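Please go through the sequence and the model below with side-chain interactions in mind. The briefing that follows is grouped by topic.

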Amino acid sequence: MPNTLTSGRAASLWRHRDFLLLWAGGSANDLGSAVSTLLIPLIAVNGLRATTLQVALLGLARRLPAVVVALPAGLVADRVPRRRLMVLCDVLSLAGVASIPLVAVSMSVPLWQLYLVTAFVGTVRGFFDIADQSLLPSLVTGDQLVDANGKLRVTETASDTAGPALGAVLAGALGAARAVAVDAASYAVSALTLLAIRTPDPTPVAAKGSGPRLRTAVAEGLQFVRKDRVLRAVTAATATANLGILAVVSLEVVYLVRQLHASPTQVGVVIGAGVLGGVIGSLLAKPVADRLGTPRAMWLPLVLCAPFALLMPLASPGWGLVLYSLGWAVFNGGGSVYQASQMAYRQAVVPPELLGRVNAAIRWIVWSTMPLGALLGGLLGTWIGLRPTLWAATAALACSGLWLLASPLRRMNSAPALDH
């Protein structure tokens with residue numbers, strides 16, 4: 001089996017054709033999505049004069065559908081060919097996103113369309129992401145999982161760095177609405193690379209319409225997470241971090257533009273520079289896991305780096321914007337090491353026939369706090385002001401690693417399924 005553990009030095013992923021295809025398609029997809037993450041709020045803020053709450057609701061529209069479909073998406077990912085499901089999701093996402101630049105050719109894109117497209121793509125991506133997380137162990141071996149997740153995380157965070165800056169340049173050259181075409185093209189690249197992978201789709205454990213009843217099958221993933229103390233702690237830590245992250249993201253464009261008087265170019269640079277730490281953390285994920293052991297790499301970087309997020313509310317116009325970027329950078333650096341390590345741990349210890357549902361169960365819980373964070377960011381930003389809300393959001397980020405300190409991870413030196 002592809003995820004069987006091997007001894008000795010893991011084979012280089014740079015010579016793994018199918019992983020490189022998965023990585024290339026995912027990188028294009030990540031870059032396109034990062035561009036739209038800036039462009040769509042810019043359409044609302046600058047083009048439609050949307051309020052703080054209306055902009056925050058875009059974040060809610062993006063995240064809430066994925067929470068609603070997470071549990072059934074896990075069951076689907078366990079019962080149908082995962083790669084085929086991902087290709088279908090790419091095609092549907094392409095169609096949805098492409099509607100924005102198409103409308104922009106002849107008229108202003110209405111706010112309701114931004115909400116509709118954002119919610120539709122969020123729903124489709126809910127299925128894609130669960131299948132994506134569950135496909136990787138069928139392509140690489142167990143001792144390659146940390147390295148593979150680290151590489152995927154590198155390009156994800158690199159896209160978060162380059163995407164806002166690229167989005168700002170494209171918005172200046174083409175207008176924000178028309179520039180969203182870059183995101184649509186990225187879905188086409190992702191679909192083509194998935195189709196080029198030669199490794200056969202793993203045979204689904206149960207054909208559609210067979211196996212346990214829907215409620216029982218879905219509950220198996222939740223029960224697995226509930227019984228595993230490490231996965232429970234990982235779920236709680238990630239849920240807490242996501243609450244704070246979405247509260248920050250929901251108001252950061254408004255905060256930077258209206259309170260710190262940043263230009264669109266400065267917004268892109270500040271946000272991009274802020275997530276640069278995530279790229280560095282992703283590059284260091286495998287060396288850190290090799291040095292500390294996977295369990296320590298899951299908790300120590302997050303505990304040490306998360307409190308730096310408290311620098312973000314201290315930002316001010318001009319050079320004071322550096323504090324915002326620095327806080328994001330250090331938090332994202334520790335978070336990237338944590339994410340790569342915990343994902344590899346999960347993919348190694350969960351039985352393949354349950355992996356889709358366990359991933360879905362964790363996704364359902366940790367993403368449930370995202371719409372709440374986006375909504376709280378908008379509401380609190382309107383009621384008590386942007387800076388006080390940012391203090392509350394970054395406090396949640398600073399505390400996220402405490403869940404891991406209370407788990408068995410602190411007493412574990414290694415994870416045999418990954419470290420041998």
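Leaving aside its neighbours within four places in sequence, with which residues is R153 in contact? R153 is in contact with S282, S336 and Q339, where contact means heavy atoms within 4.5 Å. This is a predicted model, in which local features need pLDDT of at least 70 and side-chain atom pairs count only at pLDDT 80 or more, whereas totals for chains, interfaces and linings use all residues. Residues are numbered from 1 along each chain as its sequence is written, and side-chain values use heavy atoms, with hydrogens and water left out.

- R153 is placed in helix α5, where helices are DSSP runs (H or I, at least four residues) numbered from the N terminus.
- With a relative accessible area of 18%, R153 is buried, a word that stands for under 20% relative accessible area, while exposed stands for over 50% and partly exposed for what lies in between (1.4 Å probe, protein chains only).
- S190 belongs to helix α7 (residues 181–196) and is buried, its relative accessible area being 3%.
- Once neighbours within four places in sequence are left aside, the contacts of S190 are G25, N29, D90 and F128.

**Salt bridges**

- The structure has eight salt bridges, a salt bridge being a side-chain nitrogen of Lys or Arg within 4 Å of a carboxyl oxygen of Asp or Glu.
- One of them joins D129 and R125, whose closest N and O atoms are 3.5 Å apart; because D129 and R125 are four residues apart in helix α4 (residues 111–135), about one helical turn separates them.
- D129 and R125 are both buried.
- D129 also meets R363 in a salt bridge, at 3.4 Å from N to O, and this pair links distant parts of the chain, with D129 in helix α4 and R363 in helix α14 (residues 352–383), 234 residues apart.
- K151 and D147 form a salt bridge in which the closest N and O atoms are 2.8 Å apart, and they are separated by about one helical turn because they are four residues apart in helix α5 (residues 145–174).
- K151 is buried at a relative accessible area of 12%, and D147 is buried at 15%.
- A network of salt bridges links D78, R82, E220 and R357.

**Aromatic residues**

- Four aromatic pairs are found in the structure, where rings of Phe, Tyr and Trp (its six-membered ring) pair if their centres lie within 6.5 Å, and planes under 30 degrees apart count as stacked, over 60 as edge-to-face and the rest as tilted.
- F19 and W23 form a tilted aromatic pair, with 5.7 Å from centre to centre and 35° between the planes.
- F19 and W23 are four residues apart in helix α1 (residues 17–47), and therefore about one helical turn separates them; F19 and W23 are both buried.
- W14, F19 and W23 make up one aromatic cluster.
- W14 is found in the segment before α1 and is exposed, with a relative accessible area of 56%.
- With neighbours within four places in sequence left aside, W14 is in contact with L20, W23 and K151.
- W14 and D129 are 115 residues apart along the chain, and their C-alpha atoms are separated by 23 Å.

**Nonpolar surface patch**

- L310, L314, W319, V322, L323, L326 and W391 form a nonpolar patch on the surface that has about 690 Å² of accessible area together.
- Patches are made of residues with over 30% relative accessible area and no salt bridge, where like charges are joined within 9 Å and nonpolar side chains (Val, Leu, Ile, Met, Phe, Trp, Tyr) within 5 Å; accessible areas come from the Shrake-Rupley method with a 1.4 Å probe, and for residues only the protein chains shown count as cover.
- Helix α13 (residues 321–349) supplies the largest share of the nonpolar patch, three residues.
- W319 lies in the loop between α12 (294–305) and α13, and W319 counts as exposed because its relative accessibility is 78%.

Conventions
Helix = DSSP H or I, 4+ residues; strand = E, 2+ residues; numbered from the N terminus.
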